[in-house]
Amino acid sequence: MNITAIHSEHARLRPDQAAIEDGARIVTYGELEAVTNAFAANLQAAGIAPGDRVAVMLPDTADHLITLCALARLGAVIYSLVPGATEPGIANSLKSMSVKAVVADQDHPALAAIGRLSVADLSGPPALPFVPPDMVGDDPVMLVQTSATTGAPKFFTRSHGQSAEWSRSYAACQELTPTDRCISLVGMSFHAGLSMNFTMLHAGGTVVVPRYRNLDEFVAQVRDARITYLKLTPA
């Protein structure tokens with residue numbers, strides 16, 4: 001009933017398989033299971049409950065993806081904000097909705113009225129173990145914002161069941177397997193990037209965090225990291 005349940009299955013079957021590679025940092029599926037539960041426990045201790053909307057405004061890193069996994073496992077609703085967005089842009093994104101907290105590593109004037117949690121807050125040893133909530137497949141996992149054709153923000157939610165089925169179908173269509181290694185050039189703050197990374201974890205493959213500043217470095221990372229799958233555009 002939870003989109004991250006398959007991560008636990010991968011941790012049982014292939015604990016030493018790389019789930020995330022972020023430069024020199026490698027997070028195996030066994031480690032991802034442990035750190036996801038630790039992050040989720042710290043979110044629970046901070047008062048985040050199933051159904052709470054939590055904004056995430058982080059750069060693309062392993063910790064960003066772990067935070068997304070932890071929020072999903074807890075049953076919170078992910079709402080992504082682009083770290084480089086302007087103050088008016090962030091304020092406009094939040095104007096028509098409310099969030100319980102924001103996970104961000106830097107203060108931002110547009111977030112002053114919202115409780116802020118940092119990655120350091122979530123990555124510390126939890127005081128209490130994580131207590132998994134009771135969930136059903138219809139429970140929401142992410143809140144997606146789109147301007148569509150009007151220019152005005154619109155919102156829709158995707159449930160755990162819908163997201164898991166999308167990941168399953170996409171992975172089957174693209175024939176993704178645990179041997180695949182993916183770079184998504186669509187950032188984790190965007191729906192397409194988040195969904196692609198969840199799909200790779202669904203397939204048991206490896207999410208490789210982009211680390212390049214120009215075309216030559218991009219080509220080198222694709223070669224050196226043995227990338228087999230590229231997510232280049234949202235569509």
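Me: What is the relative accessible area of glutamate 9?

Reply: This is a predicted model, where local features need pLDDT of at least 70, side-chain atom pairs count only at pLDDT 80 or more, and totals for chains, interfaces and linings use all residues. Residues are numbered from 1 along each chain as its sequence is written, and side-chain values use heavy atoms, without hydrogens and water. Glutamate 9 is partly exposed (buried is under 20% relative accessible area, exposed over 50%, partly exposed in between; 1.4 Å probe, protein chains only). Its value is 35%.

Me: Which residue forms a salt bridge with glutamate 9?

Reply: A salt bridge puts a side-chain nitrogen of Lys or Arg within 4 Å of a carboxyl oxygen of Asp or Glu. Here the closest N and O atoms are 2.7 Å apart. Both residues lie in helix 1, three residues apart, about one turn of the helix (helices are DSSP runs of H or I, at least four residues, numbered from the N terminus).

Me: Is arginine 213 buried or exposed?

Reply: Arginine 213 forms a salt bridge with glutamate 217, with the closest N and O atoms 2.8 Å apart. Glutamate 217 is partly exposed at 26% relative accessibility. Arginine 213 has 72%, so it counts as exposed.

Note on methods:
Helix = DSSP H or I, 4+ residues; strand = E, 2+ residues; numbered from the N terminus.
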